[in-house]
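Me: Please take a close look at one part of this structure for me. I would like the aromatic rings examined, then their surroundings.

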Amino acid sequence: MQLNRAVPVLSVPDVARAVAVFRDVLGLDVVMDLGWVATLGAPEGPQISVMHEDATAACNPDLSLDVDDVDLAHERALELGLEIVHPLTTEPWGVRRFFVRDEGGNVVNVLSHAQAAAPVAVEDEGGLRAAG
């Protein structure tokens with residue numbers, strides 16, 4: 001299995017405010033913004049996500065790991081008896097994912113992107129635009 005990307009996820013009370021701070025202080029670009037979660041950084045480089053409340057899960061993850069085979073990762077997590085805190089789900093925004101709690105109590109979002117996912121709208125100083 002290949003790890004494509006690892007992104008820390010910060011839980012914040014106000015996504016728009018957090019985006020503004022990271023953009024204005026560090027000069028990070030918004031690469032994805034769904035309102036309740038946004039990712040900043042470079043499309044193919046280091047990234048960070050900020051999240052208010054996950055749209056479909058009961059808790060926020062601490063880390064997102066993008067892998068090439070989420071189904072295999074899920075199977076392995078079940079075989080190891082790990083706690084699945086969000087079931088394997090194909091989400092409307094183009095990812096298939098599950099959440100697992102590691103032995104340190106961290107919630108990890110393990111995901112794969114859909115092959116033909118639609119572009120996600122992001123907002124920058126010029127208004128809405130498609131990303132990815």
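Reply: What follows starts with the aromatic rings and moves on to the sheet and the surface. The model is predicted.

There is one aromatic pair in the structure. Its members are W36 and W93, with ring centres 5.1 Å apart. Their planes meet at 65°. The cut-off for edge-to-face is over 60 degrees, so this pair is edge-to-face.

The two residues come from distant parts of the chain, 57 residues apart. W36 sits in the loop between β2 (29–33) and β3 (37–41). W93 sits in the loop between β6 (83–90) and β7 (95–101).

W36 has a relative accessible area of 19%. Buried means under 20%, so W36 is buried. W93 has a relative accessible area of 23% and is partly exposed.

Next, the strands beside those loops. They belong to an open sheet of eight strands, in the order β2-β3-β4-β1-β5-β8-β7-β6. The pairing is mixed. β2 and β6 are the edge strands. Each has a single partner strand, so one side of each lacks a neighbour in the sheet. On average, neighbouring strands are turned by 25° against each other, direction ignored.

Further in the order, β1 (residues 3–11) and β4 (residues 47–51) run parallel, joined by three bridges. One of the residues involved is S11, whose bridge partner in β4 is M51.

Last, the surface. V21, V25 and L26 make up a nonpolar patch there, with about 280 Å² of accessible area together. V25 belongs to helix α1 (residues 15–26). V25 is exposed, at 62% relative accessibility.

How values were computed:
Residues are numbered from 1 along each chain as its sequence is written. This is a predicted model: local features need pLDDT of at least 70, side-chain atom pairs count only at pLDDT 80 or more; totals for chains, interfaces and linings use all residues. Side-chain values use heavy atoms; hydrogens and water are left out. Rings of Phe, Tyr and Trp (its six-membered ring) pair if their centres lie within 6.5 Å; planes under 30 degrees apart count as stacked, over 60 as edge-to-face and the rest as tilted. Helices (H or I, at least four residues) and strands (E, at least two) are DSSP runs, numbered from the N terminus. Buried means under 20% relative accessible area, exposed over 50%, partly exposed in between (1.4 Å probe, protein chains only). Patches are made of residues with over 30% relative accessible area and no salt bridge: like charges are joined within 9 Å, nonpolar side chains (Val, Leu, Ile, Met, Phe, Trp, Tyr) within 5 Å. Accessible areas come from the Shrake-Rupley method with a 1.4 Å probe; for residues, only the protein chains shown count as cover. A salt bridge is a side-chain nitrogen of Lys or Arg within 4 Å of a carboxyl oxygen of Asp or Glu. Two strands pair if DSSP finds at least two bridges between them. Axes are lines fitted to C-alpha atoms, for helices over the stretch in contact, and angles run from 0 to 180 degrees between N-to-C directions.
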